[in-house]
Amino acid sequence: MNEKVRELLNDQINKEMYSAYLYLDMANFYNDKGLDGFSNWYEVQAKEEMDHAMMIYHYLHDNNQKVTLEAVGKPDKVYEELIDPLNAAYAHEQYVTELIHTIYGEAQKVNDFRTVQFLDWYVKEQGEEEKNASDLITKMELFGTDPRGLYLLDQELAARTYTETTLATMSL
Ligand code: OFO
């Protein structure tokens with residue numbers, strides 16, 4: 001594997017782990033506010049981010065590449081309003097999309113078709129995650145300022161369940 005592509009993939013393991021930590025921090029914020037549904041939503045999101053990290057970890061090992069684990073940063077955002085984590089999550093997903101596109105572009109440059117194919121799943125996933133994050137902001141703006149609307153939205157988010165994704169189960 002091209003060294004730059006390997007390095008970018010290796011870094012992305014750390015970025016996905018950080019994403020998990022960031023979302024767990026958001027779950028933590030909503031837990032303290034008594035919004036168990038919002039908290040559940042971000043807890044599931046955190047677990048999915050761990051899967052994203054593990055899939056890259058296994059992809060590198062399966063291709064006989066070295067993996068180096070770095071420190072995961074502290075989530076240091078301060079949230080005040082209930083909508084703050086939702087806005088931060090959307091901005092974060094847009095940032096992660098850029099990271100994935102950068103790796104994709106590098107893999108294409110060196111004709112690493114296997115990595116390009118592997119990353120296709122991530123490209124699609126980012127599209128879905130940006131949409132989910134943006135839809136959530138819209139719903140919060142529409143209903144979240146009314147206590148009854150907020151209660152119903154919290155119930156909707158409580159229904160999100162976690163399903164593990166692995167290299168074996170990822171599909172486009
Ligand atoms: Fe890793 O899925 Fe978005 O960030």
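**Exercise 1. Placing Met17**

In which helix is the place of Met17?

Solution. The model is predicted, so local features are used at pLDDT of at least 70 and side-chain atom pairs at pLDDT 80 or more, while totals for chains, interfaces and linings use all residues. Residue numbers start from 1 along each chain as its sequence is written, and side-chain values use heavy atoms, with hydrogens and water left out.

Step 1. Met17 sits in helix α1. Helices here are DSSP runs of H or I with at least four residues, strands are runs of E with at least two, and both are numbered from the N terminus.

Step 2. The relative accessibility of Met17 is 22%, and the residue counts as partly exposed. The scale is: buried under 20% relative accessible area, exposed over 50%, partly exposed in between, with a 1.4 Å probe and protein chains only.

Step 3. Leaving aside residues up to four places away in sequence, Met17 touches Met50, Ala53, Met54 and Val72. Contact means heavy atoms within 4.5 Å.

Step 4. Met17 and Ala71 are 54 residues apart along the chain, and their C-alpha atoms are separated by 9.6 Å.

**Exercise 2. Packing of helix pairs**

Solution. Two packed helices are described by the angle between their axes and the distance between the axes. Axes are lines fitted to C-alpha atoms, for helices over the stretch in contact, and angles run from 0 to 180 degrees between N-to-C directions.

Step 1. For α1 and α2, the axes come within 8 Å and cross at roughly 165°. The two helices are therefore roughly antiparallel to each other. The angle classes are roughly parallel under 35 degrees, roughly antiparallel over 145, roughly perpendicular from 65 to 115, and oblique for the rest. The crossing of α1 past α2 is left-handed, a term for a near helix turned anticlockwise from the far one by less than a right angle, with right-handed for clockwise. Their contact has 19 nonpolar, 7 polar and 5 charged residues. In this count Ala, Val, Leu, Ile, Met, Phe, Trp, Tyr, Cys and Pro are nonpolar, Asp, Glu, Lys and Arg are charged, and the others, Gly among them, are polar.

Step 2. For α1 and α3, the angle is about 170° and the axes are 11 Å apart. That makes α1 roughly antiparallel to α3. The contact of α1 with α3 divides into 19 nonpolar, 4 polar and 5 charged residues.

Step 3. For α3 (residues 84-109) and α4 (residues 113-143), the axes come within 9 Å and cross at roughly 165°. That makes α3 roughly antiparallel to α4. α3 passes α4 in a left-handed crossing. By class, this contact holds 16 nonpolar, 8 polar and 4 charged residues.

**Exercise 3. The nonpolar cores**

Which residues of the largest nonpolar core touch the most other members?

Solution. A nonpolar core is a set of buried Ala, Val, Leu, Ile, Met, Phe, Trp, Tyr and Cys residues joined through side-chain atoms within 4.5 Å.

Step 1. The largest core has 22 residues, and Met26, Tyr30, Phe38, Tyr42 and Leu86 touch the most other members.

Step 2. Two or more residues of this core come from each of α1 (3-33), α2 (36-62), α3, α4 and α5 (147-158). The largest share, 7 residues, comes from α1.

Step 3. Not counting residues up to four places away in sequence, Leu86 touches Tyr30, Phe38, Tyr42, Leu136, Ile137 and Met140.

Step 4. A second, separate core has 20 residues, including Ile56, Ile103, Tyr104 and Leu119.
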